[in-house]
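These are my notebook entries on what I looked up, in the order in which I went through it.

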Amino acid sequence: MLSECPICQNKYSTAAQVVVNGGDLSVNCPVCGQYDLSEEAWRDLLHPPKPAGHRLSDLCRARLSHRLRTGSGEDFSDRPDVRSEFVIKFIENGCTGPNPSEQATNIIKYVGNEVAVSGEPVPSLPIEFYAVVGAPNPEFAAQLALELVSRGLLSGVNASSKDGSGLININLTLDGWDSYEAEKRGRIAGNYGFMALQFNNDILDSFIKNSVKPAVKEATGYDLVDMRDIPRAGIIDNIMRAQIRDAAFVIVDLTHDNSGAYWEAGYAEGLGKPVIYTCEKTKFDEAKTHFDTNHCTTVLWSVENGDEFNLELIATLRRSLKLFPGAG
Ligand SMILES: [Zn+2]
(Lines give C-alpha, C1' and ligand atoms only; values in the text may rest on other atoms or scores of the structure.)
Protein backbone atom coordinates (compact mmCIF):
# COMPACT_ATOMS: atom_id res chain seq x y z
CA MET A 1 0.00 0.00 0.00
CA LEU A 2 1.24 3.45 -0.90
CA SER A 3 1.30 6.13 1.76
CA GLU A 4 1.89 9.36 -0.13
CA CYS A 5 -1.15 11.43 -1.15
CA PRO A 6 -0.58 12.24 -4.84
CA ILE A 7 -2.03 15.73 -4.38
CA CYS A 8 -0.59 17.21 -1.18
CA GLN A 9 2.31 14.70 -1.11
CA ASN A 10 2.00 14.59 2.71
CA LYS A 11 3.95 17.81 2.78
CA TYR A 12 2.32 18.92 6.01
CA SER A 13 0.84 15.70 7.34
CA THR A 14 1.49 12.13 8.22
CA ALA A 15 0.83 9.25 5.87
CA ALA A 16 -2.25 8.92 3.70
CA GLN A 17 -3.89 5.59 2.88
CA VAL A 18 -3.67 4.85 -0.80
CA VAL A 19 -5.21 1.73 -2.33
CA VAL A 20 -4.46 0.81 -5.95
CA ASN A 21 -7.44 -0.57 -7.89
CA GLY A 22 -6.18 -1.69 -11.28
CA GLY A 23 -4.26 1.48 -12.12
CA ASP A 24 -6.63 3.91 -10.39
CA LEU A 25 -6.01 5.10 -6.86
CA SER A 26 -8.36 5.34 -3.96
CA VAL A 27 -7.00 7.81 -1.41
CA ASN A 28 -7.81 8.71 2.17
CA CYS A 29 -5.65 11.70 3.07
CA PRO A 30 -5.74 13.58 6.39
CA VAL A 31 -5.49 16.87 4.47
CA CYS A 32 -7.38 16.31 1.20
CA GLY A 33 -10.00 13.90 2.50
CA GLN A 34 -11.22 10.86 0.57
CA TYR A 35 -11.08 10.83 -3.21
CA ASP A 36 -10.46 8.65 -6.23
CA LEU A 37 -7.79 9.42 -8.80
CA SER A 38 -7.56 8.03 -12.33
CA GLU A 39 -4.37 6.27 -13.38
CA GLU A 40 -3.88 8.77 -16.17
CA ALA A 41 -4.17 11.83 -13.92
CA TRP A 42 -1.75 10.30 -11.46
CA ARG A 43 0.84 9.18 -13.98
CA ASP A 44 0.76 12.22 -16.27
CA LEU A 45 -0.02 15.11 -13.95
CA LEU A 46 0.52 14.46 -10.28
CA HIS A 47 3.23 11.83 -9.89
CA PRO A 48 6.58 13.38 -8.88
CA PRO A 49 8.73 12.52 -11.95
CA LYS A 50 6.25 14.24 -14.23
CA PRO A 51 7.15 16.21 -17.35
CA ALA A 52 8.40 19.71 -16.61
CA GLY A 53 5.41 21.25 -18.39
CA HIS A 54 3.08 19.81 -15.82
CA ARG A 55 5.17 20.38 -12.70
CA LEU A 56 2.66 21.50 -10.13
CA SER A 57 3.66 24.21 -7.68
CA ASP A 58 3.05 23.78 -3.95
CA LEU A 59 0.45 26.53 -4.19
CA CYS A 60 -1.41 24.74 -6.97
CA ARG A 61 -1.38 21.52 -4.95
CA ALA A 62 -2.71 23.39 -1.89
CA ARG A 63 -5.49 24.84 -4.02
CA LEU A 64 -6.33 21.38 -5.33
CA SER A 65 -6.52 20.08 -1.75
CA HIS A 66 -8.94 22.92 -0.96
CA ARG A 67 -10.98 22.10 -4.02
CA LEU A 68 -11.29 18.47 -2.98
CA ARG A 69 -12.29 19.52 0.53
CA THR A 70 -14.98 21.92 -0.62
CA GLY A 71 -15.79 21.13 -4.25
CA SER A 72 -18.43 18.46 -3.83
CA GLY A 73 -21.61 19.31 -5.64
CA GLU A 74 -19.86 21.30 -8.37
CA ASP A 75 -17.34 19.20 -10.23
CA PHE A 76 -17.69 16.24 -7.96
CA SER A 77 -20.36 14.15 -6.37
CA ASP A 78 -19.92 13.20 -2.71
CA ARG A 79 -16.59 11.53 -3.18
CA PRO A 80 -14.40 13.46 -5.62
CA ASP A 81 -13.32 11.45 -8.64
CA VAL A 82 -10.27 13.26 -9.97
CA ARG A 83 -9.57 12.74 -13.66
CA SER A 84 -7.03 14.28 -16.04
CA GLU A 85 -9.55 16.62 -17.67
CA PHE A 86 -10.38 18.16 -14.30
CA VAL A 87 -6.71 18.62 -13.32
CA ILE A 88 -5.79 20.09 -16.72
CA LYS A 89 -8.70 22.53 -16.58
CA PHE A 90 -7.76 23.46 -13.03
CA ILE A 91 -4.17 24.24 -14.08
CA GLU A 92 -5.29 26.11 -17.18
CA ASN A 93 -7.56 28.28 -15.04
CA GLY A 94 -4.54 29.31 -13.00
CA CYS A 95 -5.13 27.05 -9.96
CA THR A 96 -7.41 29.70 -8.52
CA GLY A 97 -8.53 29.65 -4.90
CA PRO A 98 -9.79 32.00 -2.21
CA ASN A 99 -7.87 35.24 -1.61
CA PRO A 100 -6.63 36.00 1.93
CA SER A 101 -9.73 37.93 2.89
CA GLU A 102 -11.95 35.05 1.72
CA GLN A 103 -9.70 32.66 3.62
CA ALA A 104 -10.27 34.75 6.76
CA THR A 105 -14.02 34.55 6.18
CA ASN A 106 -13.65 30.77 5.77
CA ILE A 107 -11.84 30.61 9.12
CA ILE A 108 -14.78 32.36 10.83
CA LYS A 109 -17.17 29.95 9.13
CA TYR A 110 -15.08 26.92 10.07
CA VAL A 111 -14.78 27.86 13.75
CA GLY A 112 -18.48 28.84 13.93
CA ASN A 113 -19.61 25.57 12.35
CA GLU A 114 -17.39 23.46 14.60
CA VAL A 115 -18.44 25.23 17.80
CA ALA A 116 -22.10 25.13 16.76
CA VAL A 117 -21.88 21.33 16.45
CA SER A 118 -19.79 20.49 19.53
CA GLY A 119 -20.66 23.36 21.86
CA GLU A 120 -16.98 23.46 22.77
CA PRO A 121 -14.11 25.63 21.58
CA VAL A 122 -11.98 24.07 18.84
CA PRO A 123 -9.06 22.49 20.77
CA SER A 124 -6.45 23.29 18.11
CA LEU A 125 -6.19 23.87 14.38
CA PRO A 126 -6.48 20.44 12.74
CA ILE A 127 -4.06 19.19 10.11
CA GLU A 128 -6.58 19.75 7.28
CA PHE A 129 -7.32 23.32 8.41
CA TYR A 130 -5.33 25.12 5.72
CA ALA A 131 -6.93 23.03 2.97
CA VAL A 132 -10.43 23.60 4.32
CA VAL A 133 -10.04 27.39 4.45
CA GLY A 134 -8.05 27.54 1.21
CA ALA A 135 -4.74 28.88 2.55
CA PRO A 136 -1.48 28.07 0.73
CA ASN A 137 0.02 26.28 3.75
CA PRO A 138 -0.56 25.70 7.48
CA GLU A 139 1.64 28.61 8.61
CA PHE A 140 -0.32 31.06 6.47
CA ALA A 141 -3.63 29.80 7.85
CA ALA A 142 -2.34 29.96 11.44
CA GLN A 143 -1.11 33.50 10.89
CA LEU A 144 -4.51 34.58 9.56
CA ALA A 145 -6.20 33.00 12.57
CA LEU A 146 -3.87 34.95 14.88
CA GLU A 147 -4.73 38.13 13.03
CA LEU A 148 -8.44 37.42 13.56
CA VAL A 149 -7.70 37.09 17.27
CA SER A 150 -5.96 40.46 17.29
CA ARG A 151 -8.95 41.96 15.46
CA GLY A 152 -11.29 40.68 18.14
CA LEU A 153 -13.22 38.21 15.97
CA LEU A 154 -11.65 35.01 17.28
CA SER A 155 -10.64 34.14 20.80
CA GLY A 156 -8.00 31.61 21.67
CA VAL A 157 -4.74 31.05 23.42
CA ASN A 158 -1.58 31.52 21.43
CA ALA A 159 0.47 28.53 22.46
CA SER A 160 3.13 29.10 19.80
CA SER A 161 6.52 28.14 21.02
CA LYS A 162 9.78 27.32 19.29
CA ASP A 163 8.18 24.00 18.39
CA GLY A 164 5.34 26.01 16.90
CA SER A 165 2.07 24.58 18.16
CA GLY A 166 -0.12 27.61 17.39
CA LEU A 167 -3.55 28.63 18.57
CA ILE A 168 -5.55 26.48 21.01
CA ASN A 169 -9.07 26.69 22.54
CA ILE A 170 -10.40 28.62 19.58
CA ASN A 171 -13.84 30.23 19.62
CA LEU A 172 -15.66 33.15 18.05
CA THR A 173 -16.09 36.36 20.03
CA LEU A 174 -19.49 38.08 20.02
CA ASP A 175 -18.30 40.21 17.10
CA GLY A 176 -17.13 37.02 15.43
CA TRP A 177 -20.59 35.44 15.85
CA ASP A 178 -22.16 38.58 14.37
CA SER A 179 -19.96 38.17 11.31
CA TYR A 180 -20.72 34.46 11.16
CA GLU A 181 -24.49 35.04 11.26
CA ALA A 182 -24.33 37.90 8.75
CA GLU A 183 -22.32 35.73 6.40
CA LYS A 184 -24.82 32.89 6.76
CA ARG A 185 -27.81 35.16 6.14
CA GLY A 186 -26.23 36.39 2.94
CA ARG A 187 -25.98 32.85 1.65
CA ILE A 188 -29.60 31.92 2.21
CA ALA A 189 -31.46 31.57 -1.09
CA GLY A 190 -34.00 34.34 -1.64
CA ASN A 191 -31.84 37.03 -0.11
CA TYR A 192 -31.08 39.56 -2.77
CA GLY A 193 -30.06 43.09 -3.53
CA PHE A 194 -32.24 45.33 -5.67
CA MET A 195 -30.74 47.36 -8.47
CA ALA A 196 -32.34 50.60 -9.74
CA LEU A 197 -31.05 51.83 -13.08
CA GLN A 198 -31.92 53.18 -16.50
CA PHE A 199 -33.10 50.28 -18.66
CA ASN A 200 -32.20 49.56 -22.27
CA ASN A 201 -28.76 51.12 -22.24
CA ASP A 202 -26.63 48.52 -24.01
CA ILE A 203 -23.35 49.34 -22.26
CA LEU A 204 -24.82 49.46 -18.77
CA ASP A 205 -27.04 46.40 -19.36
CA SER A 206 -24.22 44.20 -20.52
CA PHE A 207 -21.83 45.46 -17.81
CA ILE A 208 -24.35 44.71 -15.07
CA LYS A 209 -25.40 41.37 -16.49
CA ASN A 210 -22.01 39.96 -17.43
CA SER A 211 -19.74 41.50 -14.84
CA VAL A 212 -21.40 43.02 -11.77
CA LYS A 213 -24.15 40.47 -11.05
CA PRO A 214 -21.87 37.42 -11.22
CA ALA A 215 -19.18 39.15 -9.13
CA VAL A 216 -21.61 40.17 -6.36
CA LYS A 217 -23.14 36.69 -6.27
CA GLU A 218 -19.74 35.03 -6.10
CA ALA A 219 -18.37 37.27 -3.35
CA THR A 220 -21.42 37.72 -1.11
CA GLY A 221 -23.95 35.04 -2.04
CA TYR A 222 -26.55 37.71 -2.83
CA ASP A 223 -28.40 37.77 -6.12
CA LEU A 224 -28.65 41.20 -7.63
CA VAL A 225 -32.03 41.70 -9.29
CA ASP A 226 -33.78 44.52 -11.11
CA MET A 227 -37.42 44.86 -12.11
CA ARG A 228 -36.86 42.94 -15.34
CA ASP A 229 -35.89 39.83 -13.35
CA ILE A 230 -39.28 39.72 -11.64
CA PRO A 231 -41.97 38.30 -13.90
CA ARG A 232 -45.02 38.99 -11.73
CA ALA A 233 -48.46 40.22 -12.59
CA GLY A 234 -49.76 43.24 -10.72
CA ILE A 235 -49.38 46.97 -10.41
CA ILE A 236 -45.77 47.65 -11.23
CA ASP A 237 -45.31 50.32 -8.55
CA ASN A 238 -46.54 48.02 -5.81
CA ILE A 239 -44.32 45.18 -6.98
CA MET A 240 -41.35 47.51 -7.02
CA ARG A 241 -42.07 48.78 -3.52
CA ALA A 242 -42.29 45.20 -2.25
CA GLN A 243 -39.04 44.31 -3.97
CA ILE A 244 -37.24 47.23 -2.37
CA ARG A 245 -38.81 46.54 1.03
CA ASP A 246 -37.61 42.92 1.04
CA ALA A 247 -34.16 43.57 -0.40
CA ALA A 248 -31.09 43.31 1.80
CA PHE A 249 -29.64 46.35 0.05
CA VAL A 250 -30.29 48.61 -2.93
CA ILE A 251 -27.81 49.71 -5.58
CA VAL A 252 -28.81 52.79 -7.55
CA ASP A 253 -27.07 53.73 -10.77
CA LEU A 254 -27.22 57.48 -11.42
CA THR A 255 -25.37 57.56 -14.73
CA HIS A 256 -28.42 58.53 -16.79
CA ASP A 257 -30.12 60.85 -14.30
CA ASN A 258 -33.02 58.43 -14.34
CA SER A 259 -35.77 59.95 -12.20
CA GLY A 260 -37.22 56.52 -11.40
CA ALA A 261 -33.88 55.47 -9.98
CA TYR A 262 -33.76 58.61 -7.81
CA TRP A 263 -37.27 57.86 -6.53
CA GLU A 264 -36.33 54.26 -5.72
CA ALA A 265 -33.22 55.49 -3.91
CA GLY A 266 -35.30 57.85 -1.79
CA TYR A 267 -37.80 55.11 -0.98
CA ALA A 268 -35.04 52.72 0.06
CA GLU A 269 -33.26 55.39 2.13
CA GLY A 270 -36.55 56.13 3.88
CA LEU A 271 -36.88 52.46 4.81
CA GLY A 272 -33.38 52.52 6.28
CA LYS A 273 -31.96 50.10 3.68
CA PRO A 274 -28.29 50.23 2.87
CA VAL A 275 -28.19 52.18 -0.40
CA ILE A 276 -25.08 52.29 -2.56
CA TYR A 277 -24.86 54.66 -5.50
CA THR A 278 -22.95 53.94 -8.68
CA CYS A 279 -22.16 56.17 -11.62
CA GLU A 280 -20.13 55.94 -14.80
CA LYS A 281 -16.84 57.71 -14.17
CA THR A 282 -16.75 60.26 -17.01
CA LYS A 283 -20.36 61.24 -16.35
CA PHE A 284 -19.57 61.67 -12.66
CA ASP A 285 -16.46 63.75 -13.38
CA GLU A 286 -18.42 66.06 -15.64
CA ALA A 287 -21.54 66.48 -13.56
CA LYS A 288 -20.23 65.99 -10.05
CA THR A 289 -22.46 68.66 -8.56
CA HIS A 290 -25.61 66.62 -9.24
CA PHE A 291 -24.69 64.26 -6.49
CA ASP A 292 -24.34 64.94 -2.84
CA THR A 293 -21.21 62.89 -2.41
CA ASN A 294 -20.67 64.09 1.14
CA HIS A 295 -23.56 61.98 2.33
CA CYS A 296 -23.75 59.15 -0.18
CA THR A 297 -21.34 56.39 -1.01
CA THR A 298 -20.81 56.52 -4.77
CA VAL A 299 -18.76 53.85 -6.49
CA LEU A 300 -17.60 54.86 -9.95
CA TRP A 301 -17.50 52.42 -12.83
CA SER A 302 -16.07 52.27 -16.29
CA VAL A 303 -16.33 49.30 -18.60
CA GLU A 304 -12.52 49.24 -18.99
CA ASN A 305 -11.98 48.90 -15.22
CA GLY A 306 -14.85 46.55 -14.47
CA ASP A 307 -12.89 44.30 -12.12
CA GLU A 308 -11.66 47.23 -10.05
CA PHE A 309 -15.22 48.54 -9.76
CA ASN A 310 -16.54 45.14 -8.70
CA LEU A 311 -13.92 44.87 -5.96
CA GLU A 312 -14.77 48.30 -4.59
CA LEU A 313 -18.51 47.69 -4.82
CA ILE A 314 -18.20 44.37 -3.00
CA ALA A 315 -16.02 45.88 -0.26
CA THR A 316 -18.61 48.66 0.17
CA LEU A 317 -21.42 46.10 0.27
CA ARG A 318 -19.68 43.97 2.86
CA ARG A 319 -19.24 47.05 5.06
CA SER A 320 -22.89 48.06 4.63
CA LEU A 321 -24.16 44.55 5.39
CA LYS A 322 -21.75 44.09 8.28
CA LEU A 323 -20.30 41.05 6.61
CA PHE A 324 -16.80 40.26 7.72
CA PRO A 325 -14.75 43.06 6.15
CA GLY A 326 -11.83 40.82 5.23
CA ALA A 327 -8.20 40.93 6.18
CA GLY A 328 -7.14 43.29 3.41
ZN1 LIG B 1 -3.53 15.02 0.45
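I call a residue buried when its relative accessible area is under 20%, exposed when it is over 50% and partly exposed in between, using a 1.4 Å probe and protein chains only. Helices (H or I, at least four residues) and strands (E, at least two) are DSSP runs, numbered from the N terminus. The model is predicted, and local features need pLDDT of at least 70, side-chain atom pairs count only at pLDDT 80 or more, and totals for chains, interfaces and linings use all residues. Residues are numbered from 1 along each chain as its sequence is written, and side-chain values use heavy atoms, with hydrogens and water left out.

**Entry 1: helix α9 and its sheet**

I began with helix α9 (residues 236-246), whose buried residues are Ile239, Met240, Ala242, Gln243 and Ile244. Against what do they pack? I found β8 (192-196), β9 (223-225), β10 (249-253) and α10 (259-270), where contact means heavy atoms within 4.5 Å.

I then looked up the open sheet of five strands, which has the order β9-β8-β10-β11-β12 with parallel pairing; two strands pair if DSSP finds at least two bridges between them. Its edge strands, β9 and β12 (298-301), each pair on one side only. Neighbouring strands in this sheet are turned by 25 degrees against each other on average, direction ignored; axes here are lines fitted to C-alpha atoms, for helices over the stretch in contact, and angles run from 0 to 180 degrees between N-to-C directions. Helix α9 packs on this sheet by touching β8, β9 and β10, and its direction makes about 130 degrees with that of β8.

At the other pairing I checked, four bridges join strand β11 (residues 275-280) to β12 in the parallel sense, and Glu280 stands opposite Trp301 in β12.

**Entry 2: the zinc ion**

Which residues are the protein donors of the zinc ion? I noted Cys5, Cys8, Cys29 and Cys32, each through SG and lying 2.3 Å from the ion; donors are N, O and S atoms within 2.8 Å of the metal (3.2 Å for Na, K and Ca), and water is not among the atoms, so sites may look incomplete. Their spacing in sequence is C-x2-C-x20-C-x2-C. The arrangement is tetrahedral because the four donor atoms subtend angles of 100 to 116 degrees, and four donors count as tetrahedral if all angles lie between 85 and 135 degrees. Cys5, at 0% relative accessibility, counts as buried, and so does Cys8 at 6%.

A second look-up gave an open sheet of four strands in the order β1-β2-β3-β4, with mixed pairing. Because β1 (17-21) and β4 (81-82) stand at the edges with a single partner strand each, one side of each is left without a neighbour in the sheet. Strand β2 (residues 24-29) runs antiparallel to β1, joined by five bridges, and Val19 stands opposite Ser26 in β2. Helix α1 lies across β2, β3 (33-37) and β4, and runs at about 95 degrees to β3.

I recorded a phi near 55 degrees for Asn10, a positive value in a residue other than glycine. Asn10 lies in the segment before β1 and is buried, with a relative accessible area of 16%. Asp257, in the loop between β10 and α10, has a positive phi of about 50 degrees although it is not a glycine, and Asp257 is partly exposed, at 32% relative accessible area.

Note on methods:
Tetrahedral: all angles 85-135°; square planar, octahedral: opposite > 155°, others 65-115°.
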